Amino acid sequence: QDAADATCVAIAGALANGLRLPLVLVHVEPRRDRGDGRATVARVARAAGLDRPEDVAVRLLRGAPGRAIAAAARRERAALVVVSESVRRLPKRAIFVSATGCLVRRCEHPVVVCPRDPAAAMRLREALAPARNARAWRS
C-alpha cells in the first residue's frame, strides 16, 4: 500500500524466487476508495527492488483486506501468503482487526508476517543469494 510495504514485497519476492514459486502481488482498496491500485503496486515493486516488476502478476481487489486476501489465496491456491506487520498500535488493534491479524487467524494457507524494517529483507536476500547463485552457475 505504501513505501513501508516494499520490505514485505522484497521478502515475498526473495521467497518466491528461492522456492521457485510464482509471485502474485495483491492490492486491496476499501470499497469507498477509488485509487490507482496498479500504479501503487508498481511503485512498491520498484521500491522493493524486484528484478522484473512487469513480470509479476497483480490482483486488484476491493473490500475488507484480510478477507479479500484470504479469498484470493484460496482462488490462487497459494503456497504461502506474505503480509506486512500491522501498523496499528495496541489500543486500535484491540478495537479494529487488522488485515494481518485476520489472516493469521483465518487464512487456511501458511502466513508469513514481515517486519517493516528493511534490514529484514536484506538479511533474507543475502541468505538466499548462495542458492540463487548456485542455480545460475549450474544452468
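1. Is Arg 20 buried or exposed? Arg 20 is exposed, because its relative accessible area is 60%, where exposed means over 50%, buried under 20% and partly exposed in between, with a 1.4 Å probe and protein chains only. Arg 20 is found in the loop between helix 1 and strand 1, and it has a positive phi of about 55° although it is not a glycine.

2. On provenance, this is a predicted model, in which local features need pLDDT of at least 70 and side-chain atom pairs count only at pLDDT 80 or more, while totals for chains, interfaces and linings use all residues. Residues are numbered from 1 along each chain as its sequence is written, and side-chain values use heavy atoms, with hydrogens and water left out.

3. On confidence, the protein averages a pLDDT of 79, and 77% of the residues score at least 70; pLDDT is the predictor's confidence in each residue, from 0 to 100. Helix 4 (residues 90-95) has the lowest confidence, with a mean of 59, whereas helix 3 has the highest, at 91, and I would ask readers to keep this in view.

4. As to the overall layout, the protein has six helices and four strands, these being DSSP runs numbered from the N terminus (helices H or I, at least four residues; strands E, at least two). From the N terminus on, the order of the elements is α-β-α-β-α-β-α-α-β-α. Of the 139 residues, 35% count as buried, and the accessible surface comes to about 9,000 Å², with 54% of it belonging to carbon and sulfur atoms, by the Shrake-Rupley method with a 1.4 Å probe. Among contacts (heavy atoms within 4.5 Å) between residues at least 6 apart in sequence, 73% join residues at least 24 apart.

5. The largest nonpolar core has 20 residues, and those with the most contacts inside it are Val 9, Ile 11, Leu 23, Leu 25, Ala 48, Leu 50 and Val 56; such a core is a set of buried Ala, Val, Leu, Ile, Met, Phe, Trp, Tyr and Cys residues joined through side-chain atoms within 4.5 Å. Helix 1 (6-19), helix 2 (37-48) and helix 6 (118-138) are the elements that give two or more residues to this core, and the largest share, eight residues, comes from helix 1. Apart from this core lies another, of 11 residues, among them Val 28, Ala 70, Ala 72 and Val 83.

6. Helix 1 itself is mostly covered, with 11 of its 14 residues buried, including Ala 6, Val 9, Ile 11 and Leu 15. Its first and last C-alpha atoms are 20 Å apart, close to the 20 Å expected at 1.5 Å a residue, the expected span being 1.5 Å times one less than the number of residues. Not counting residues up to four places away in sequence, Ile 11 touches Cys 114, Ala 120, Ala 121 and Leu 124.

7. A search of the whole structure finds zero disulfides.

8. Helix 3 has 12 residues, which should span 16 Å at 1.5 Å a residue, and its end C-alpha atoms are 16 Å apart, which agrees. Gly 66, Ala 68 and Ile 69 are among its buried residues, and the buried residues of helix 3 pack against strand 1 (24-29), strand 2 (57-62), strand 3 and helix 5. The buried residues of helix 5 (residues 99-106) are Thr 100, Gly 101, Cys 102 and Leu 103, and they pack against helix 3 (65-76), strand 3 (81-84) and strand 4 (111-114).

9. Two loop residues deserve a look together. Arg 77 lies in the loop between helix 3 and strand 3, has a phi near 55°, a positive value in a residue other than glycine, and counts as exposed at 74% relative accessibility. His 109, in the loop between helix 5 and strand 4, counts as buried at 17% relative accessibility. Leaving out residues up to four places away in sequence, His 109 touches Ala 73, Arg 74, Arg 77, Ala 78 and Val 81.

Methods: Disulfide = S-S within 2.5 Å.
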